[in-house]
Amino acid sequence: MKRVVYPIPKRIRNCCVRWLSCQWHILCLMKLTLVFNLLFSFQVKADIPERTSLPSSSVEKISQQSIRGKVTNENGEALAGVSVRLKGTTAGATTSADGTYTLSAPSTGTLVFSYVGFTTYEITIEGRTTINIVLQKKDIDLDEVVAIGYGTVKKSDLTGAVSSVSNKQFKDQPVKRVEDILQGRAAGVEVTTLSGMPGSAPKVRIRGTTSINKNSDPLYVIDGIVGSLESINPSDIQSLEVLKDASSTAIYGSRGANGVVLVTTRKGAEGKTMISLDASFGYSNLSKQYDLLNAYDYALALNDIRGSATISAPDLEAYKNGTKGIDWMDVITQTGIAKEYKLTISGGNEKNRYFISGNLLDQDAITVTSKFQRYGFRVNLDNELTPWLTMSTKLNASRAYTHNGSLDLVTALNYSPTMEMKNETTGVYNVDPYNALTQNPYGARMVNYDDSYRYYLNGNVTFLFKIINGLTFSTQGGYNYYNLPSYTFNSKLVGPGQANGMSNKSGLNIYWQNTNNLTYQKTFGDHSLTTTAVFEVNKHEDTGLSISGTNLSNEIVGYWNIGNAATRNDGNWYGASAIASGILRANYDYKKRYFVTAALRTDGSSRFQKDNKWGYFPSLALAWDVAKESFMSDQNLFQQMKLRASYGVTGNQDITPYSTLGMLQSTSYGWGTSENYTGYWGNSFASPNVSWEKTYQYDIGLDFSILNNTLNFTFDWFKKTPKNLLFQKVVPMYNGGGSFWVNQGEVKNTGVELSMTAYPLKSNTITWETNFNASFVKNEIIDLAGNDFILGYNYSDYGGPMQVMKPGYPIGSFHLYQWKGFDDKGANLYQKADGSLTTSPTADDLTTMGQSNPAWNFGWNNTLSWKNWSANIFVNAATGASRLNLSHYTVASMSGGYRFFTLHDAYFKGWDYVSDKSQAEYPSLSNSDSKNFGNSDRWLEDASFVRLKNVSLAYRIPKQVVKFADIQLSLSAQNLLTITKYKGMDPEVFNLGEGLDFGAYPSSRTVTFGAKLTF
């Protein structure tokens, strides 16, 4: 069919060019268009029934006829639930249980047959009254289109390393955060759950950690606009693309050094309005706990070690019979409850399509008084305004709320079970009499509280102009509003002598972005060329204010009246930064056999000074599909055998705005007197020569598909080297102190990735799709700006520094004493630097060992379907990571504030208790020579694990049975089983530094029931 081109009239085209030259006009129009589209969306639904592929007057003249038929698969089996639609309208029908359908349609129309898992089929009616159709099962499609940043490309034409996750891989699972979708489903992506507290964000790393002073989080781009994942409802996502190699990420230049995650949200589809209501209910519990001493055993240990009069005989009897005593983990934990409701409405015609969704998530955590809520609303509109102009509008609003989102779990693990909860007369909660621990962990949750809110409003509008055949111009304006107020109240009832207090904070984050994209696409003979030119500007502003007060005159209004405070403090802040960017990219292929992608991006950042503002980021990728060569024409095994190679440079400008200018900071000093005087000092020195941190990356890859695309395999080797790191050097105190930025230092990441998608079983009755991926990353610090090492996380009460950055070792290494068992009196032995053993090591004996990040990450996702049944089994695993288990250290030692142990084995398997000393697992508690150091490899544990992340079973009741809707009922379990050697509560989580488990909140085991109705 000849393609019809609608050129823009010259007069209109000239006006558009002049108008588009003004960026502010674009932003203003974006806001007006959002309002217009919301109003217009209500008209769309009303217009749909009247719109057809023919003018309305013509439709009236064409006689309607009744058409019937049957839809079957290749084996002649009836297919129920197939959508049969008259093309260009919403008129249609759905096949019944025996595969038959009936509808009225004009004799000259076209019918469209579509069904999940089968190839869509179109057929012209041509006056027939009976039309029977055989649908073909759909294989893995290499023509699937994936996003690559500022454009799309067929999967078969990719030259870079891109992992794609579609919504079919997670849509029937109770995923609460977008990051959880990536865990185990994308090769080269490490997702670590730092906390099991509902609403907590995990750590995401793409091809390893790259930065020393700043974070290594990837860039998240949502429908073309940089944004936050927390604002997105996972069920609104159509697909996720992870750009990993420099050929893919260099298109994002300054912000692509840590990888890029492209989020594409769902759109409305032409056809009948679809309404879906999804409700789920889940409950959660702790999957693992420490085996702690009960009140009676704890009392016996106290009398044994601190003297027989410590606990009286009546109290000892009361602890024994259970009339006294506190199980702290029991009182602060509960069964968590999660309720989630999701509603989607979508539909449209050829020219106007809409997708509307709303969601509500309400979670009570497994710890008392902790709660998380999220509400969201989304409208996505796609409109063809004229044959040469289309408009896409996306509006998303969400609110997240957390109540008591923090927990001092390590204190709960160490608090004495042999005490009274509170003074019933005064209402004041008691503190532990046997430890130097302050707030009562249960009382702190009962009388203290904090509330934090996050309000998101994200909107963007895209105009696409079809200028001439193959040439398009799009302009997109996006605006993100993020407000995060938080409130805290501390009561004097939390403990004897405690002061009360309150604080209010409010932060406002505003981001706007304008992207202008000129794309030319042309196929001439065996040659295909796509060129893209982009100009983009964005600005980011942060403002905030805070107030706090102590010694409140009353506690009635909690944190709402600063006037109640005897002592008050306040502050505010402002920060802004901007980037201007120019981008050129060309994609060329010859006979779909040889592929070349070249790109150049330049960014100017306001965070740097003068001539150092601009960075240049080139990339080049080559690919060769060997399977398309003539000498492969006689084979039927390989449908694709593509070799890839790429090189590119990406950048990082993630330093605090204004930090290169040199700033004075106020301070006070007494000059040897009791009165302080305010002054200023140069805490942050000017760094006018600092510029872009750059990451150089090489990638070699292989993609192949065999057996009619039923087995796809991808392999990549990469080397990723950040150089000229943005490194903050510290000025020694004898020179006045302070810090300044330099471009020094180097890190290297090398690794391999592989992923596979296969169909071990595939028939008309049963299908098993399996996806497996694995990735290995070796991280190494090459240079620390001339420093031999940099120590981190120094806790003098527990031994001293616990982590170190050192050339030749990975980021996240530990700095520990080497524990070597016990001497003949039960004291801890440590290895000195010369190899000898001692009970009193020194700082010279500390050794660098272990790493906090896993070397290997694995994911295995299985989806099975049989008739109306479907099931999912998802396993993820990680090996090579270590955790410094400081929780284990505190419950088993008597050091620092933790002056008495609570771990069962620390007493009953300790040196003093066991008769066979070779069986002792813990040192003597009565030997004063025995020293317990938290920074010892005695507490460094292997955190490798294999986790059954999700098991789901669902049954679909078709509309033909219940008449009013398709119904899907599901039962799923998350974190059902974890295989690990780690002695802590969860091998994955940590809450200090890089891999320090100091009471980290564990992930819970969850069972979820769900029901989904589609009308």
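What share of the contacts with a separation of 6 or more in the protein chain comes from residues 24 or more positions apart? Such pairs account for 69% of these contacts, a contact being heavy atoms within 4.5 Å.

The model is predicted: local features need pLDDT of at least 70, side-chain atom pairs count only at pLDDT 80 or more, and totals for chains, interfaces and linings use all residues. Residues are numbered from 1 along each chain as its sequence is written, and side-chain values use heavy atoms, with hydrogens and water left out.

**View 1. Overall dimensions of the protein chain.** The C-alpha trace spans about 105 × 70 × 70 Å along its principal axes.

**View 2. The largest nonpolar core.** This core has 51 residues; a nonpolar core is a set of buried (under 20% relative accessible area, 1.4 Å probe, protein chains only) Ala, Val, Leu, Ile, Met, Phe, Trp, Tyr and Cys residues joined through side-chain atoms within 4.5 Å. Met329, Leu884 and Phe901 have the most contacts inside it. Elements giving two or more residues include helix H6 (295-306), helix H11 (886-892) and strand S40 (813-816), where helices (H or I, at least four residues) and strands (E, at least two) are DSSP runs numbered from the N terminus. H6 gives the most, with five residues.

**View 3. Surroundings of Leu884.** Leaving aside neighbours within four places in sequence, Leu884 is in contact with residues including Met802, Phe814, Leu816, Trp939 and Leu996. Gly934, Ser936 and Asp997 are also among its contacts.

How values were computed
Buried < 20%, exposed > 50% of the residue type's maximum accessible area, 1.4 Å probe, protein only.
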